[in-house]
Amino acid sequence: MTREIAPSTVEWILAQARAGQPPDVLLKPLLDEGWSEDDAVAAVEAAVRDWAATGSRDAGLPPAVRVPSPVELNGASVLRAGDRDVTVLANLLLPRVVVFGGLLSDVECDELVVLSRPKLQRSTILDPDTGDDAVHVDRTSAGTHFPRGGSALVRRIEARIAALLDWPVENGEAMQILRYGPGAQYRPHHDYFDPAWPGSTKQIARGGQRVASLVMYLNTPAHGGATTFPDAHFEVAAVKGNAVFFSYDRPHPMTRTLHAGAPVLDGEKWIATKWLREGRHD
Ligand SMILES: O=C(O)CCC(=O)C(=O)O
Ligand SMILES: [Fe+2]
């Protein structure tokens, strides 16, 4: 139970927060009244959360939800992810992006490529009206997928990702494999289901919104094929075994998670993508 703060104190705390005061300033009046530090922190967090939720609603934004949060800023450089150590190569707050090194071994990357090559089909994107998959010029890769838990290899990688991101395996969609040949690309898009699209309802019914994406690079293209974030003027080079994680706490462009697979200029590019849902995806 969160202790109630007097409304006048809430107003004072929010005014300090808006003015950019640090947390210890916000906590001081409660600590001075004899509150325990835990109660004071919980009460201030609740006040700020309510205020943010009201602000979002007033601005016509969808509410923010909890997302995987693998590492804080200036946190550990190496994370133990189940059976493997993974390095943190870059960490950005807006958009929320983390670049990981060595998430997959070379052997795992090669195995995924070998298993996928004979199964490839032209990639599709979601038809905004029907929610069904359709071939589109915006996405000129070929792909396939591996159902969750479908093999020992997939189970091992899924368990590692769940440990790294602290997000249940059951909330993950099937692992999607993509191959881009020379010139192929994936034009800028968001991975969440746009609530304005009639077809999104059908997708959201299975496990809720997507809240994060993990794109794992299965090879290093000879030239090109970066994952770009145009709103942030930021790009992640495709390097075998590495991965880029990004989360979006609401299905809105304000998350700045617009992203693209830039054209492959020489050679081919292989990736495995895991999309994570709010809830269990069946
Ligand atoms: O190819 C890339 O780098 C990005 C892939 C992507 O956006 C996706 O799979 O949703
Ligand atoms: Fe994407």
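How many helices and strands does the protein have? There are six helices and 17 strands, where helices (H or I, at least four residues) and strands (E, at least two) are DSSP runs numbered from the N terminus. Please keep in mind that this is a predicted model, in which local features need pLDDT of at least 70, side-chain atom pairs count only at pLDDT 80 or more, and totals for chains, interfaces and linings use all residues. Residues are numbered from 1 along each chain as its sequence is written, while chains are lettered from A and ligands numbered from 1 in the order in which they are written.

Let me begin with the overall layout. The C-alpha atoms fill a box of roughly 70 × 40 × 35 Å along the principal axes, and the domain assignment, which is automatic or from a database, gives domain 1 (7-59) and domain 2 (78-277), whose C-alpha centres lie 37 Å apart. Of the 282 residues, 32% count as buried, meaning that 20 or more other C-beta atoms, placed from the backbone, lie within 10 Å of the residue's own, whereas 12 or fewer make it exposed and anything in between partly exposed.

Now to some backbone details. Most residues other than glycine have a negative phi, and most peptide bonds are trans. The bond from L94 to P95, however, is cis, with omega near -5°, and P95 sits in the loop between β2 (84-92) and β3 (96-101). D166, in the loop between α5 (152-165) and β8 (175-180), has a positive phi near 55°, and D166 is exposed because 10 other C-beta atoms lie within 10 Å.
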